[in-house]
Amino acid sequence: MISAPGEALVRDHTVYACVMGSRAFGLATQDSDTDRRGVFLAPTELFWRFEKPPTHVEGPAPEQFSWELERFCELALRANPNVLECLHSPLVESVDDTGRELLALRAAFLSRLAHGTFVRYARGQRRKLEADVRVHGAPRWKHAMHLLRLLASSRDLLRTGELRIDVGGARDELLAVKRGEVPWAEVERRMDRLGEENDEAVARSPLPPGPDRAAVEDFLVRTRRASARAEAPDGLRASGDRPPRP
């Protein structure tokens, strides 16, 4: 259950909110959930206490998850697939000036590190699917569909330097996998091919070797300072954010 302080952070300090999951990927069906993701900016004064603000909050709505801005930036700089895709959702529900500046920095987070994180995540998910096949005789077809989607998205990112998460014309063939209409052997073949294409793409990728950490850190520091100034009493703001001398 979400705490009152956590709910207040999401309610009052969200800078960016979007819809993710099947609806953002162009794979929604009538029974699809609505997965919401967001970024909140914890007031700077909360970091001055022994107990720091949370790095993430689940809720208050079902299927809702939010990151504190600094944690979100840290994960995006590491090319975390879920976080990078959140930054590129076509379904933005709300965004303020800070959120718009975050979105303007999307390219700063993209680098060839995505090859390792996306493919490594996909391999982990594939091992789980293979275990399901051994134990139950079939994989979780929905997870198999999303693994194929992720590998194709990663390949295209490495090839073009742009992350697009809507599957476009691949929708029908991916939904056929979800319905279990594609034999597992064929799904494995597609996974193998996409893995090879990712390996080939990274060698010629237009992406830089690493993210622009300095640009992201500059944004974070400026945002924290602006938050501190906004929270300071009028007297402190008027005197250059410094307390009066005794």
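**Exercise 1. A residue in helix α4**

Find Glu 85 in this predicted model and work out why Glu 85 counts as buried.

*Solution.* 
Step 1: Locate the residue. Glu 85 sits in helix α4, which covers residues 81-87.
Step 2: Recall the cut-off. A residue is called buried when its relative accessible area is under 20%.
Step 3: Compare. The relative accessible area of Glu 85 is 2%, so Glu 85 is buried.
Step 4: Look at the surroundings. Setting aside neighbours within four places in sequence, the contacts of Glu 85 are Met 20, Phe 25, Phe 118, Arg 149, Leu 150, Ser 153, Leu 163 and Ile 165.

**Exercise 2. Two further buried residues**

Use the same cut-off on Arg 155 and Leu 41, and list what each one touches.

*Solution.* 
Step 1: Begin with Arg 155, which belongs to helix α8 (residues 141-160). Its relative accessibility is 15%, so Arg 155 counts as buried.
Step 2: List the partners of Arg 155. Beyond its neighbours within four places in sequence, Arg 155 is in contact with Leu 194, Glu 197, Asn 198 and Ala 201.
Step 3: Move on to Leu 41, which lies in the loop between β2 and β3. With 12% relative accessibility, Leu 41 counts as buried.

**Exercise 3. Walking from β5 to β3**

For each pair of neighbouring strands, state the sense of pairing and how many bridges there are.

*Solution.* 
Step 1: β5 and β1. Strand β1 (residues 14-20) runs antiparallel to β5, and three bridges join them. Here Tyr 16 has Val 95 of β5 as its bridge partner, while Ala 17 stands opposite Ser 94 in β5.
Step 2: β1 and β2. This pair is antiparallel, with six bridges. Val 19 faces Arg 36 in β2.
Step 3: β2 and β4. These strands are parallel, over five bridges. Phe 40 is bridged to Glu 68 in β4.
Step 4: β4 and β3. The pairing is antiparallel over three bridges, and Val 57 has Ser 66 of β4 as its bridge partner.
Step 5: Look at the connection. β3 and β4 make a hairpin with five residues between them, and Gly 59 in the turn has a positive phi of about 100°.

**Exercise 4. What covers the strands**

*Solution.* 
Step 1: Count in β1. Six of its seven residues are buried, which makes β1 mostly covered.
Step 2: Count in β4. Four of its five residues are buried, and β4 is likewise mostly covered.

**Exercise 5. The whole chain**

Describe the protein chain by its elements, extent, burial, contacts, surface and charge.

*Solution.* 
Step 1: Elements. There are 12 helices and five strands.
Step 2: Extent. The C-alpha atoms fill a box of roughly 75 × 40 × 30 Å along the principal axes.
Step 3: Burial. Of the 246 residues, 44% are buried.
Step 4: Contacts. Among contacts with a separation of 6 or more, 74% join residues 24 or more positions apart.
Step 5: Charge. The chain carries 38 positive and 38 negative side chains, with the centres of the two sets 2 Å apart.

Technical notes. Residues are numbered from 1 along each chain as its sequence is written. This is a predicted model: local features need pLDDT of at least 70, side-chain atom pairs count only at pLDDT 80 or more; totals for chains, interfaces and linings use all residues. Side-chain values use heavy atoms; hydrogens and water are left out. Two strands pair if DSSP finds at least two bridges between them. Helices (H or I, at least four residues) and strands (E, at least two) are DSSP runs, numbered from the N terminus. Buried means under 20% relative accessible area, exposed over 50%, partly exposed in between (1.4 Å probe, protein chains only). Contact means heavy atoms within 4.5 Å. Lys and Arg count as positive and Asp and Glu as negative; His and the chain ends are not counted. The place of a charge is taken as NZ of Lys, CZ of Arg, CG of Asp or CD of Glu.
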